[in-house]
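Please read it beside the sequence and the structure.

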2 protein chains.
Amino acid sequence: MARNVRTYDHFCVLARALEAVGDRWSLLVVRDLLSGPKRFTDLMARLGGITPKTLTQRLRELEDAGVVEADREPGRREVRYQLTPAGRELRSAVDELAGWGWRHAWRSPRSGEVIHAEHLLLVMSQVLSHETGDRRPTRWHLRFVDDGEYTMEDDGEQWSMVSTAPGGPVDVTVVGTMAAWADFVRDPTTARASGSSADLELSGSEAAVDRFTQLVGQFRQAVASHPSRRP
Amino acid sequence: MARNVRTYDHFCVLARALEAVGDRWSLLVVRDLLSGPKRFTDLMARLGGITPKTLTQRLRELEDAGVVEADREPGRREVRYQLTPAGRELRSAVDELAGWGWRHAWRSPRSGEVIHAEHLLLVMSQVLSHETGDRRPTRWHLRFVDDGEYTMEDDGEQWSMVSTAPGGPVDVTVVGTMAAWADFVRDPTTARASGSSADLELSGSEAAVDRFTQLVGQFRQAVASHPSRRP
DNA sequence: CTGGATCCATGATGATACTG
DNA sequence: CAGTATCATCATGGATCCAG
């Protein structure tokens, strides 16, 4: 008789947690739902490489575990998946793992590796939270015409990111394409000086925009100079 | 061409971390090494259900990821596996996941579920850290004649556990078998009153032993009254 | 005895195509 | 849009065996 591969049968809280969210892809689904509710196809797009079969299975398992709930309204095609309160409580565990990943498992992107706005902003939150000294309550609004709308926020303690419009006054607003944003992260001055259609529009007070540019620059440098284990 | 199942190819720190420690069993290996170095067979005993093939594979992968290092000394039979500094930095992530597991994924032990001293002490650390108000620097020394030696310690911020002898003065020393300890956790007064060979020896000041008994009792109650999702 | 390696069976995942 | 169906491949578990 084969043991159930979905359990560990250990008397251990960590094993229990991993039975709920330790399967391949599970925590990445949680990651993408931490920034807000998503539809099945939204998740498919962000979880590059997952198959619909596996995504369906993970969503069902996460529902059973009380981590995810599906919002199905009659008369509406879309199903909106969102985290339950228990699921939202995974944020600190995800942050700790992400922080460790940045410090010890980072590597430069491989060719063909798709860069999603949300994931870039997640790395950025980690780096800005832990590797810059310039901290004060700050709110940025980023609108990617081809990849949704995000708010990045420093409450003075840590940076976080959600995929909704800001819930208060913003210091800087960024509008443009995802590609322009990637360019800007790669080299702020060039991207800003160029007059091409790939430009980003930055608005806000001069001081706030300067600080934004500076922090993005620090992030860029951190990524560039990171002692990746496998470059 | 099949994608490599061991990578996600996301530009994402969390995905990078999960490529290193997200495989089945990996974080449980880290869990068991967080309390100190272990031999292959020690790990086999604690990771109930893992096969030697899988454990070998996980250890090699964790070595490649820079999380684990093998200490092979010439002329010595044993191989001692231990965490690297990067591996030790996984403690906070493991703690966060374990805390979530206690709050949202706990269930009573199934019949046949092996209880290991270390794992019981890990749950206990979580519960004492987060569900009791009675906090002060405390150090307990537990010697299980059949399952090693452990130190549990509250630095005033949180409880932790290592599988070594204490590095300082202890408030309470516990000596006995694993079974006696399990009995004691189940019902302190009965186990203590009984004169059977299953007894635990508790030593320390009367106040310290009383407090120990009381905290274990709180843990026992927490486990008993826990609103398990699947009892 | 420790620290594995080998063989086979089964379950989990991926690729691709298709449907209500 | 939100999945199913089918087939192929890979990872894991169970059992057994082996070298130092």
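Predicted model: local features only at pLDDT ≥ 70, side-chain atom pairs only at ≥ 80, totals over all residues.

## Salt bridges between the chains

B:Arg107 forms a salt bridge with A:Glu19, their closest N and O atoms being 3.0 Å apart, where a salt bridge is a side-chain nitrogen of Lys or Arg within 4 Å of a carboxyl oxygen of Asp or Glu. Residues are numbered from 1 along each chain as its sequence is written, chains are lettered from A and ligands numbered from 1 in the order in which they are written, and side-chain values use heavy atoms, with hydrogens and water left out.

A salt bridge also links B:Arg103 to A:Glu89, with 2.9 Å between the closest N and O atoms. B:Arg103 lies in helix 6 (residues 91-104) of chain B and A:Glu89 in the loop between helix 5 (85-88) and helix 6 (91-104) of chain A, so this pair joins two chains; helices (H or I, at least four residues) and strands (E, at least two) are DSSP runs, numbered from the N terminus. B:Arg103 is partly exposed at 36% relative accessible area, and A:Glu89 is partly exposed at 34% (buried means under 20%, exposed over 50% and partly exposed in between, with a 1.4 Å probe and protein chains only). A:Glu113 and B:Arg16 meet in a salt bridge of 3.0 Å, N to O, and both of these residues are buried.

## Aromatic and charge-ring contacts

The whole structure contains 20 aromatic pairs over all chains, counted for rings of Phe, Tyr and Trp (its six-membered ring) whose centres lie within 6.5 Å, with planes under 30 degrees apart taken as stacked, over 60 as edge-to-face and the rest as tilted. A:Tyr8 and B:Trp25 form an edge-to-face pair, 4.8 Å centre to centre with 70° between the planes. A:Tyr8 is buried at 4% relative accessible area, and B:Trp25 is buried at 6%. The rings of A:Trp25 and B:Tyr8 have centres 4.9 Å apart and planes at 75°, so this pair too is edge-to-face.

The charged end of A:Arg24 sits over the ring of B:Tyr8, 4.4 Å from its centre, the criterion being NZ of Lys or CZ of Arg within 6 Å of the ring centre and within 35 degrees of the ring normal. The charged end of B:Arg16 sits over the ring of A:Trp106, 5.1 Å from the ring centre.

## Extent of the interface

In chain A, 62 residues are in contact with 62 residues of chain B, contact meaning heavy atoms within 4.5 Å. About 5,500 Å² is buried between the two chains, of which carbon and sulfur atoms give 63%; buried area is the accessible area (1.4 Å probe) that two parts lose on being put together, summed over both.

## Strands of chain B

Strand 4 (residues 138-144) and strand 5 (residues 148-154) of chain B pair in the antiparallel sense over 7 bridges, pairing requiring at least two DSSP bridges between the strands. A hairpin connects these strands of chain B through 3 residues, and B:Trp140 has B:Met152 in strand 5 as its bridge partner. Strand 5 of chain B also runs antiparallel to strand 6 (residues 159-162) of chain B, to which 4 bridges join it.
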